[in-house]
Amino acid sequence: MVSKQEQHEQRRAQIIKTALDLFVARGYYGTSTREISKVAGISSGLMFHYFPSKQHVYEELIRIGCQRMDIDFAAAMDNPQQALHNLVEELLTMLEHNSFAAKMFILMENAFFQRDISEKVNAMLDARNIVELSKDVIVQGQKLGQFR
């Protein structure tokens with residue numbers, strides 16, 4: 001027997017997974033809350049019980065993606081080459097074996113270039129700008145002769 005809490009979490013996860021699939025396939029503006037609820041197999045009213053709007057679902061997806069982008073770049077300063085190698089290897093393994101992660105990768109990339117949806121999303125993305133955050137690691141690797 002599934003508890004109410006477990007059912008709540010399962011339904012929320014189903015909405016998130018469905019929204020991710022649709023956002024990747026059709027984009028944010030090409031996806032409606034009605035479509036998300038229909039594909040998730042729930043009523044529109046029930047969907048709004050979990051997320052007040054499509055933007056809230058999107059923000060939750062970006063929050064999940066940003067959690068995976070929390071990388072300790074300061075720790076990479078001792079051996080930048082090995083740290084970046086490990087990071088890329090981990091990313092490629094994750095993309096190969098986890099379809100949710102692969103779709104999140106696409107969603108996050110799209111979000112970096114579509115900045116008109118949510119200021120909250122923009123702030124999350126700006127705080128985890130991998131290019132900016134990795135500059136010091138690359139410069140350190142150059143100083144150590146690991147990178148040209």
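**Helix packing and aromatic pairs in a predicted model**

Tutor: In this predicted model, the axes of helix H4 (residues 54-68) and helix H7 (residues 119-127) come within 10 Å and cross at roughly 5°.

Student: Why are H4 and H7 called roughly parallel to each other?

Tutor: Angles under 35 degrees count as roughly parallel, and the axes of H4 and H7 cross at roughly 5°, so the two helices are roughly parallel to each other. Tyr58, Glu59, Ile62, Arg63 and Cys66 in H4 meet Lys120, Val121, Met124 and Leu125 in H7, and by class this contact has six nonpolar, no polar and three charged residues.

Student: What makes the aromatic pair of Phe23 and Tyr28 tilted?

Tutor: Planes under 30 degrees apart count as stacked and those over 60 as edge-to-face, with the rest counted as tilted; the rings of Phe23 and Tyr28 lie 5.6 Å centre to centre with 35° between the planes, and therefore the pair falls in the tilted class.

Student: Why is the pair of Tyr28 and Tyr29 called edge-to-face?

Tutor: For Tyr28 and Tyr29 the angle between the planes is 85°, and over 60 counts as edge-to-face. Phe23, Tyr28, Tyr29 and Tyr58 form one aromatic cluster.

Student: How do you know whether Tyr28 and Tyr29 are buried or exposed?

Tutor: Buried means under 20% relative accessible area and exposed means over 50%, so Tyr28, with 10%, is buried, whereas Tyr29, with 51%, is exposed.

Student: Which residues touch the most other members of the largest nonpolar core?

Tutor: Of its 27 residues, these are Phe23, Tyr58, Leu61, Ile62 and Leu107, and the largest share of this core, six residues, comes from H1.

Note on methods. Residues are numbered from 1 along each chain as its sequence is written. This is a predicted model: local features need pLDDT of at least 70, side-chain atom pairs count only at pLDDT 80 or more; totals for chains, interfaces and linings use all residues. Side-chain values use heavy atoms; hydrogens and water are left out. Axes are lines fitted to C-alpha atoms, for helices over the stretch in contact, and angles run from 0 to 180 degrees between N-to-C directions. Helices (H or I, at least four residues) and strands (E, at least two) are DSSP runs, numbered from the N terminus. Angles under 35 degrees count as roughly parallel, over 145 as roughly antiparallel, 65 to 115 as roughly perpendicular and the rest as oblique. Contact means heavy atoms within 4.5 Å. Ala, Val, Leu, Ile, Met, Phe, Trp, Tyr, Cys and Pro count as nonpolar, Asp, Glu, Lys and Arg as charged, and the others, Gly among them, as polar. A nonpolar core is a set of buried Ala, Val, Leu, Ile, Met, Phe, Trp, Tyr and Cys residues joined through side-chain atoms within 4.5 Å. Buried means under 20% relative accessible area, exposed over 50%, partly exposed in between (1.4 Å probe, protein chains only). Rings of Phe, Tyr and Trp (its six-membered ring) pair if their centres lie within 6.5 Å; planes under 30 degrees apart count as stacked, over 60 as edge-to-face and the rest as tilted.
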